[in-house]
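Dear colleague,

I am handing over the structure we spoke about, and I would be glad if you could read the notes below with the model open beside them.

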Amino acid sequence: MKTQVLIIGGGPSGLLLSQLLYTRGIDSVVLERKTKDYVLGRIRAGVLERGLLDLMREAGVSERMEKEGYLHDGTLISYDDEIFRVDFSEHTGHAVMVYGQTEVTRDLYEAREKANGKIEFNVENVVIHDADSDAPYVTYDVAGEARRVDCDFIAGCDGFHGVSRQAIPLDVRKEYEKIYPFGWLGILSETPPVNHELIYANSSRGFALCSMRNENLSRYYIQCSLSDSPEDWTDDAFWEELKRRIPADQAEKLVTGPSIEKSIAPLRSFVTEPMRWGRLFLCGDAAHIVPPTGAKGLNTAASDVHYLYNGLRDYYENNSSEGIDTYSQKALARVWKAERFSWWFSSLMHRFPDQTDFDYKIQLAELEFLRENKAAQQAMAENYVGLPY
Ligand code: FAD
Ligand code: DHB
């Protein structure tokens, strides 16, 4: 088989890139290790930046999102008995949208299927060949049968555990990493959200986040120990702990119910450089991970897709390689700003096991400064709604 762009990974990055290329008549093939149902069953991000909304519109897949998504023009932050709001619209003129990653992925799969886009599921043993030549190709197995795709370019959209990053030689690749000493225990429940806006809570018992998917679907997270497993937490224990970490008036009106999903995610900051090697381009979680505080993971994947899509367009439409030649540099400049924001917001909101009284007082002072200071709120709002591409 032959294609212009071979995309490894059928998560949000790979699908969005494939759909955007399709709108410009650029052919692609997507290889996905899992089944479609498996990919759609993963509960992950829930807050979309304006840049991703625009990409969904450009890809022609925004109809359901515009109807069913919820625009949020601010968020609440609590600590001790204090609670304050950061107004995104006032400070930036923009909002974010609550629309789940599962819905984004579902819309993209539907569009790719409608356009007869080529997606191979259940692929195994994906190997990248000759990425540093003018004739790269990828081999893989499906149901025990060996296959090969020749292509102009390879987009590595295969997430943190994929093969693409590993294909870049170690003497070219540099990785930067920070592991946080806690995780997030998240649940999804068919209950109305406790509040119409998100609440990020710093409490003496650890971080909590009240989020949502729709009027009757809530997403809540609490900071937990890395040694915990979801089975250690009954639903009742989760709800009790959440109530202790959010302001009393919110805890009183919290509607609880059975969880329909419960999982633990570790927190990590990670960046690999460069994001391009020859004709291989890394996109999204394949190249970087942020701790989830501030919802930058999916959104930063989307900004990579923006730069790569435009670079490839320039190559095919204008015979210019400038966009792809500057891809790594442009993508990384924005990635590091998202890394900084996610690290800052995580550091501000969590209890660290080795935190001293001094560290705690500094955290409180920073929260108070954010509550009182419009410039600090503006800096937060600009990062939260998404820095311009
Ligand atoms: P992925 O979504 O990881 O997609 C990669 C795809 O490649 C997968 O479908 C995988 O099956 C496939 N693949 C892997 N290896 C191969 C291979 N060898 N061959 C073929 N296919 C392969 N972000 C937020 O903003 N907010 C959140 O609350 C949040 N929660 C998260 C919770 C968890 C548990 C995780 C892991 C991530 C979370 N994120 C969150 C981050 C966000 O979901 C990711 O940034 C986003 O999914 C990145 O999309 P992607 O397409 O780059 O990677
Ligand atoms: C969600 C996750 C986040 O990490 C975040 O900062 C906001 C919302 C969510 O899953 O809804």
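Three strands make up an open sheet in the order β3-β7-β4, and their pairing is antiparallel; strands here are DSSP runs of E of at least two residues, helices are runs of H or I of at least four, both numbered from the N terminus, and two strands pair if DSSP finds at least two bridges between them. At the edges of this sheet lie β3 (47-48) and β4 (70-72), each of which pairs on one side only. β4 is joined to β7 (residues 96-98) by three bridges, the two strands running antiparallel, and L71 has M97 in β7 as its bridge partner.

Before going further, please note that this is a predicted model, in which local features need pLDDT of at least 70 and side-chain atom pairs count only at pLDDT 80 or more, while totals for chains, interfaces and linings use all residues. Residues are numbered from 1 along each chain as its sequence is written, and chains are lettered from A and ligands numbered from 1 in the order in which they are written.

Strand β15 (residues 217-224) is largely enclosed by the rest of the structure, because seven of its eight residues are buried; buried means that 20 or more other C-beta atoms, placed from the backbone, lie within 10 Å of a residue's own, exposed that 12 or fewer do, and partly exposed covers what is in between. β15 pairs in the antiparallel sense with β12 (residues 174-189) over seven bridges, where L185 has I222 as its bridge partner, and with β14 (residues 206-214) over six bridges, again in the antiparallel sense. β14 and β15 form a hairpin with two residues between them, and N214 stands opposite L217.

The core draws at least three residues from each of domain 1 (2-72 + 97-178 + 268-348) and domain 2 (180-266 + 351-385), the bounds coming from an automatic or database domain assignment.

Turning to the ligands, 32 residues lie around ligand 1, with G9, G11, G159, G284 and G297 coming nearest; a residue is near a molecule if its C-beta atom, placed from the backbone, lies within 6 Å of it. This shell divides into 14 nonpolar, eleven polar and seven charged residues, where Ala, Val, Leu, Ile, Met, Phe, Trp, Tyr, Cys and Pro count as nonpolar, Asp, Glu, Lys and Arg as charged, and the others, Gly among them, as polar. Ligand 2 is surrounded by residues including A45, L198, R219 and T293, and its shell has six nonpolar, four polar and one charged residues.

Some backbone details deserve a careful look. Most residues other than glycine have a negative phi, and most peptide bonds are trans. D80, in the loop between β5 (74-79) and β6 (82-87), has a positive phi of about 45 degrees although it is not a glycine. The peptide bond that joins E273 and P274 is cis, with omega about -5 degrees, and P274 has its place in the loop between β16 (259-273) and β17 (276-277).

With kind regards
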